[in-house]
Amino acid sequence: MERSPIIAPSILASDFSRLAEEVHAIEGAADWAHVDVMDNHFVPNLTIGLPVVQSLRKATDIPFDVHLMITDPQRWAPAYAEAGAYNVTFHAEACDDPVALAKTLRAAGAKAGLAIDRDTPVEPYLELLPYLDTVLIMTIKAGFGGQSFLPEMLEKVRDVRRRAEVNQLEIRIEVDGGIAADTIEQAAEAGADAFVAGTAVYGAADPAEAIRKLRALAAARMGLA
Ligand code: DX5
Ligand code: ZN
């Protein structure tokens, strides 16, 4: 199955006082804008929520990859799909019926994603892959940008990729946390094909150029260069 890399800059690392401009800065270069929603319960940090996503949706055409780090996603996630998010990812640790929520999200017109945090094994979730469009493997502990990439998390990426290949599933495997020029190749090599990058994009002098560089590095490891 031919896969080209998805590069999804995380606006968590952008200037929140200029959100629309910061998203415009990656348009044309990035595939998705990654939106980290944190609720100060599931993770200690607090970021943005539905009203901001609704407003921002009107300011750009770039697909939104919404990463919900919140408790009770059954209650809140569908509204993000209704607000026009392209992909809505919720955490396995916060949801007791991931299949039901994935079905709800798909019915609301979004792709459905399941995120696996640093301390959660992926094995119990492999049988759910047919119900999902994306699996997000955290390569840090969810909650804050700017942390160091944990290479041992790539074992989970390999497990998901192996299962997807065996069962011939069309699923995106996304990695999130510490993705930069010096880590993206190993993630691509392990089987990831969607890459979230906050600091590596918005910390760069030229975000669009940083995206192009990440894309080239990933594509080369995916055999697409
Ligand atoms: C952290 C978020 C990430 C974060 C990544 O919990 O899910 O999306 O923005 O930031 P970097 O790329 O700086 O590690
Ligand atoms: Zn994220």
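Author: Contact here means heavy atoms within 4.5 Å. With neighbours within four places in sequence left aside, Phe64 is in contact with Ala33, Val35, Val53, Leu56, Arg57, Ala85, Tyr86 and Asn87. This is a predicted model, in which local features need pLDDT of at least 70 and side-chain atom pairs count only at pLDDT 80 or more, while totals for chains, interfaces and linings use all residues. Residues are numbered from 1 along each chain as its sequence is written, and side-chain values use heavy atoms, with hydrogens and water left out.

Phe64 belongs, with Val88, Ile137 and Phe195, to the residues that have the most contacts inside the largest nonpolar core, which has 67 residues. A nonpolar core is a set of buried Ala, Val, Leu, Ile, Met, Phe, Trp, Tyr and Cys residues joined through side-chain atoms within 4.5 Å, where buried means under 20% relative accessible area (1.4 Å probe, protein chains only). Apart from this core lies another, of eight residues, including Met38, Val43, Leu136 and Ile140.

As for ligand 1, one of its oxygen atoms is 2.8 Å from an N or O atom in the side chain of Ser10, and a polar side-chain atom of His67 lies 3.2 Å from an oxygen atom of ligand 1.

Conventions. Chains lettered and ligands numbered in written order. Buried < 20%, exposed > 50% of the residue type's maximum accessible area, 1.4 Å probe, protein only. Polar contact = N/O pair within 3.5 Å; in protein donor to acceptor, adjacent residues only side chain to side chain.
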